[in-house]
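Please look over the sequence and the model shown below before reading on. The paragraphs that follow lead through its parts in turn.

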2 protein chains.
Amino acid sequence: MAGVRQFDEREALSRALDVFTDRGFRATSMLDLATGTGVQRGSLYHAYGGKEEIFLRAFGEYTAGFLAGASAALDRPTKRAALLSFFDYCIQTFTAGTPAHGCLSTRTAIEAATESPRAESAVRALLDELETLVYAKLSTLDDGVESPVNLHGAARLVVSTTRGLAVMERVRYEPDALREIAETLVTSLFGR
Amino acid sequence: MAGVRQFDEREALSRALDVFTDRGFRATSMLDLATGTGVQRGSLYHAYGGKEEIFLRAFGEYTAGFLAGASAALDRPTKRAALLSFFDYCIQTFTAGTPAHGCLSTRTAIEAATESPRAESAVRALLDELETLVYAKLSTLDDGVESPVNLHGAARLVVSTTRGLAVMERVRYEPDALREIAETLVTSLFGR
DNA sequence: GCTATCTTTGACAGCAATGTCAAACATGAC
DNA sequence: GTCATGTTTGACATTGCTGTCAAAGATAGC
């Protein structure tokens, strides 16, 4: 195998993810990716085909990292603590950076839904896994707290709420206000 | 006053709103607006200045209509019924059209947040008014149902959830699944 | 009917991005 | 060291959109 890739693929995809994270799928151009990764535009086309492909790979990294973080955050002794910690993690994730870059998966759901079915599926898959993760935690923890709703429904509502928070963040809701919304949900689901 | 506008402004803005509704702020070009409204691109620039201005006016119409609809939907005898009807209205609003066009304000929050502070403010204003509307309803209705959380918090959570649903809709959640999520929230807030 | 005033129209120059390609380049295998 | 193979590079043609403008067109007021 002669004629070998000159750039570090892991490094490049990680940089690409940074670019997507702060510009969003739609707004990032191949030139932005070239600049961000330090790899020429032509090389990117040659290696991956185009923006969508690069995005999907970078988004794979994102998904893995995000799910790992979420899982760690959920590791608390009570349902309430687990969910609060989980929401905290989400909020931290998308209020990072100056200015805050927002939630990549939410942005993608909205921006890419129409123009990239594959991106849409990737987001959908992420949300499904997230729901599974939350449900697993809720159903495992037996802290004696009852909820007025079943746990499958609760898990889905929790995931859906993370999307709501991501949107609210975009219109200048402060992290504390977001946390308060999350706490309201957790309290209404599992009490104080 | 000679030299008079040749097109019906109300009609044009309403058509423009349709265009924005199904393509989103970012993706619609001045040419799309010209085609959609039947008014030449040059005339649109002359009359309004540019896309942002047209959007803001069209979005004004949208806001008024949406708030009126929401208010009507909330007019029910119990908190539970009012909220379920409200969510139903929202879900109907953004699953209309084939393919469904999604929620314009949510899309705008995400797409326009970075590139149009004025659009961002307009969305923020809409969400604030919506919250006020919901809160007013909840605090007025005295159906003897208690909630584990205060009504201000509940109202904000309800609004935030409409955003969550709008995002979920974009990744192929069916209307019924969305309604189920909404019902879960309502039940957890005010019981069955 | 004339005129002043505003509107419409089509054309233009400019910009940013896309996707492709031939030539130059690097390197593993022999 | 040579070669075959895949990679990098800069250039190119194309596309779609933007914002502006001069000339032509419409109309209210006189």
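**The surfaces facing the DNA**

Around DNA strand D lie 23 residues, of which Gly3(A), Gln6(A), Gly42(A), Ala2(B) and Met30(B) are the closest, where a residue is near a strand if its C-beta atom, placed from the backbone, lies within 6 Å of it. The elements that contribute two or more residues to this surface near DNA strand D are α3 of chain A together with α2 (30–37) and α3 of chain B; here helices (H or I, at least four residues) and strands (E, at least two) are DSSP runs, numbered from the N terminus. It is α3(A) that supplies the largest share of the surface near DNA strand D, namely four residues. By class, the surface near DNA strand D holds eleven nonpolar, ten polar and two charged residues, with Ala, Val, Leu, Ile, Met, Phe, Trp, Tyr, Cys and Pro counted as nonpolar, Asp, Glu, Lys and Arg as charged, and the others, Gly among them, as polar.

The model is a predicted one, in which local features need pLDDT of at least 70 and side-chain atom pairs count only at pLDDT 80 or more, while totals for chains, interfaces and linings use all residues. Residues are numbered from 1 along each chain as its sequence is written, and chains are lettered from A and ligands numbered from 1 in the order in which they are written.

At least two residues each of the surface near DNA strand C come from α2 (30–37) and α3 (41–48) of chain A and from α3 (41–48) of chain B, and α3(B) gives the most, with four residues. The residues near DNA strand C divide into ten nonpolar, ten polar and two charged.

**The two protein chains**

Chain A has nine helices and zero strands, and its C-alpha trace spans about 60 × 40 × 25 Å along its principal axes. Of the 192 residues in chain A, 44% are buried, that is, 20 or more other C-beta atoms lie within 10 Å of their own, C-beta atoms being placed from the backbone.

The contact between the chains takes 35 residues from chain B and 35 residues from chain A, two residues being in contact if their C-beta atoms, placed from the backbone, lie within 7 Å. On the side of chain B that touches chain A, the elements giving two or more residues are α6 (104–112), α7 (117–140), α8 (151–170) and α9 (175–190) of chain B, and the largest share, twelve residues, comes from α8(B). This side of chain B comprises 16 nonpolar, nine polar and ten charged residues. Because 100% of the interface residues of chain B are also interface residues in chain A, the copies meet through the same surface.

Key: Buried ≥ 20, exposed ≤ 12 C-beta atoms within 10 Å, placed from the backbone.
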